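Have the sequence and the coordinates open as you read.

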Amino acid sequence: MKKHVLLLLFVFLLFNCSTNDDYSPPSEPDTNIIIESFKAKITSPSQFRDYSFYNQGCEGIFENPDRSTLFQGNVDIGYVNGSAHLKNSDIVVTWVSSVDGIFYQGNPNDSMETEIEKKLSKGVHTIYLNVSIPSKNIHIKDSITLSNAIQLTAKNTSKSVKLTWTKYEGSDFKSYIIYTEDFKPIVEINDINTLEYNFENFTSLVEKKQYQVIVRTKGVYEHIIGSNIEKMYPGIFIDFPYYIRKIISDPIRNRLYGLVGNKNYISDNYGLVIIDIDSQNFKVNSHILKDTFYTDFDISPDNENLFLSQTDNEEIVKLNLTTLTPTSFTTNTDSWGIHKIEAGVNNTLYCYGNSPTFDSSKFWIYDGNTGNLINGPITSFLTHDDIEYNHKNQALYTGKSSVNNGRVYKFNTDNTFVDVSSYPIWLTTISSPEPFILLAQNNQSLFWENYQLDLDLNIIRTFTSNIKACSPNNILLSDYEKVYTYNDLSIKYTFPQFPTGTSVANTIVFSDDDNLIFCRADQSNVKNHGELYYKGQTYIFRFKVGKNNF
């Protein structure tokens with residue numbers, strides 16, 4: 001019988017000692033230990049960590065129920081002079097939830113700190129840190145209150161912030177009340193099964209606000225039943241710390257390319273930025289060729305190479321778009337430089353340069369495969385601020401801008417020359433047109449100012465604004481304010497408020513029929529104290545504007 005009692009006692013002690021590796025049984029009382037003060041404090045999460053705009057504003061802890069919470073605390077014991085000190089094993093700490101019960105018991109570490117990570121059940125919890133010194137028969141506690149009753153998710157849609165949340169599981173539901181950074185609620189929802197809301201009232205696409213769902217109940221509670229607080233902005237965008245003045249889309253790869261730098265302002269980086277864009281990604285892939293300012297670029301008709309032109313150096317760079325490996329060849333423009341470049345059939349490069357006094361222009365034709373000069377210079381009496389090559393009819397379209405008699409011209413080419421002596425001309429003139437010609441991606445028409453023209457420069461239709469982008473399959477059109485359906489020009493979408501700036505350049509492209517890219521670059525014209533360069537900044541926004549996104 002005695003052996004059975006000893007065995008049961010051994011099992012009992014083994015079980016209790018093995019339930020928590022951090023726990024050590026307290027030692028016997030020490031009469032030489034005289035305690036003067038005894039404090040316990042929950043240090044994390046702080047009861048004042050989060051700020052809710054509910055009820056004119058209040059502080060609290062609002063957790064995501066899908067995540068674990070790290071609880072931390074410390075024990076502070078003061079002793080009279082000459083007293084011996086307790087060991088950490090003489091102290092017992094217990095973490096308790098008013099909903100889940102005890103979820104930890106053990107000893108503090110040598111620094112008299114305690115820490116435990118715990119995923120709590122949904123609800124409003126009062127968390128207690130109980131600390132005791134069994135040898136002295138003294139106890140103390142601290143507490144916090146947290147809510148993790150609802151899981152809130154905030155997602156930017158490019159046009160709004162979409163809020164979704166989990167269903168309240170209580171039986172005393174009255175309504176969901178949604179708050180942002182205002183003491184007045186956005187909306188009150190009385191249906192317990194309505195679990196999403198789109199918030200569209202903001203001053204800028206990059207405006208980041210916090211959002212919270214509060215549960216209004218039939219009963220009276222001392223503490224708020226609220227979701228975790230999420231912060232989000234409505235725009236889907238890239239914030240790039242340099243000036244990007246032009247972007248183009250790769251027809252076969254999920255990429256965008258952007259020219260970095262402003263010719264009138266010195267910067268520490270220029271070059272080319274490459275941006276990944278697909279259903280999962282919208283991010284900067286790389287920033288390359290940073291030492292050189294490039295005036296223009298164009299993708300070859302076979303989509304294998306990107307050609308970049310310069311005015312400061314007699315050089316054209318050829319970038320292999322598969323390997324992103326650059327090669328270059330020398331040009332000879334008598335220091336005029338190449339302002340515009342268009343890649344034609346078989347990588348024939350049509351290069352255009354304005355004279356230093358901008359009173360005449362020249363064309364050079366290079367073989368983009370070998371770098372050899374095919375023809376040039378070919379002198380033109382016109383000055384052009386934009387050119388577009390159409391490989392369908394091998395014509396070069398040019399636009400004259402910043403003058404009182406702006407026009408569009410069509411020059412015929414055959415891979416060896418540009419016929420600047422005989423050309424169709426669109427007789428209508430525009431006062432101070434923008435330096436921009438848009439060739440539709442199907443190569444059937446072009447857009448200039450508020451006109452759509454056929455390939456012989458006849459007017460197809462007239463718009464009330466200047467069209468800046470056309471989707472690949474002629475589904476949508478866009479100016480700087482709205483997106484329109486191609487056929488009837490009904491308004492598909494109106495752009496929200498963009499960030500303001502001092503010197504802004506805009507570029508719009510459709511990466512496909514569902515996604516529009518709006519590049520908005522801002523160039524500072526002042527240097528802050530101690531800065532060597534003029535700062536630039538570009539927001540590149542992605543808008544989901546296709547038929548499946550409305």
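Asn415 sits in the loop between strand E32 (408–412) and E33. The strand names come from DSSP runs: helices (H or I) need at least four residues and strands (E) at least two, numbered from the N terminus. Phi of Asn415 is near 80°, a positive value in a residue other than glycine. With a relative accessibility of 18%, Asn415 counts as buried, where buried means under 20% relative accessible area, exposed means over 50%, and partly exposed is in between (1.4 Å probe, protein chains only).

Some bookkeeping first. This is a predicted model, in which local features need pLDDT of at least 70 and side-chain atom pairs count only at pLDDT 80 or more, while totals for chains, interfaces and linings use all residues. Residues are numbered from 1 along each chain as its sequence is written, and side-chain values use heavy atoms, with hydrogens and water left out.

Most residues other than glycine have a negative phi, and most peptide bonds are trans. Met112 is another residue with a positive phi, near 60°. Met112 belongs to the loop between strand E6 (101–106) and strand E7 (113–118), and its 15% relative accessibility makes it count as buried.

Then there are cis peptide bonds. One joins Ser44 and Pro45, with omega about 0°; Pro45 is in the loop between strand E1 (35–44) and strand E2 (50–52). Another joins Gly376 and Pro377, with omega about 5°, and Pro377 is part of strand E29 (residues 373–380).

How many of the six residues of strand E19 are buried? Six of the six (residues 255–260) are, so E19 is largely enclosed by the rest of the structure. In a regular strand the side chains alternate between the two faces of the sheet. Here Arg255, Tyr257 and Leu259 point one way, while Leu256, Gly258 and Val260 point the other way, and all are buried.

E19 pairs in the antiparallel sense with strand E18 (residues 244–249) over five bridges; strands count as paired if DSSP finds at least two bridges between them. Ser249 is opposite Leu256 in this pairing, and a hairpin with five residues between the strands is formed by E18 and E19. E19 is also joined by five bridges to strand E20 (residues 272–277), again antiparallel, with Val273 in E20 as the bridge partner of Gly258.

The loop between E19 and E20 holds Ile266, which counts as partly exposed at 46% relative accessibility. Ile266, Leu532 and Tyr533 make up a nonpolar surface patch with about 300 Å² of accessible area together. Patches take residues with over 30% relative accessible area and no salt bridge, joining like charges within 9 Å and nonpolar side chains (Val, Leu, Ile, Met, Phe, Trp, Tyr) within 5 Å. A salt bridge here is a side-chain nitrogen of Lys or Arg within 4 Å of a carboxyl oxygen of Asp or Glu, and the areas come from the Shrake-Rupley method with a 1.4 Å probe, with only the protein chains shown counting as cover for residues.

**Further along the chain**

An open sheet of four strands runs in the order E33-E34-E35-E36 with antiparallel pairing. Its edge strands are E33 (438–439) and E36 (459–462), each pairing on one side only. Here are some antiparallel pairs from this part of the chain.

| Strands | Bridges | Facing residues |
|---|---|---|
| E33 and E34 (residues 446–448) | two | Leu438 and Phe447 |
| E38 (residues 476–478) and E39 (residues 482–485) | three | Ser478 and Val483 |
| E39 and E40 (residues 491–494) | three | Val483 and Tyr493 |

A hairpin through three residues connects E38 to E39. In the hairpin of E39 and E40, with five residues between the strands, Leu489 has a positive phi near 60°.

**Nonpolar cores**

The largest nonpolar core has 24 residues, and Phe71, Ile77, Trp95, Phe103, Ile127 and Val131 have the most contacts inside it. A core is a set of buried Ala, Val, Leu, Ile, Met, Phe, Trp, Tyr and Cys residues joined through side-chain atoms within 4.5 Å. Elements giving two or more residues to this core are E1, E4 (69–79), E5 (92–97), E6, E8 (124–133) and E9 (138–147). Apart from this core lies another, of 18 residues, including Ile150, Ala154, Val213 and Met232.
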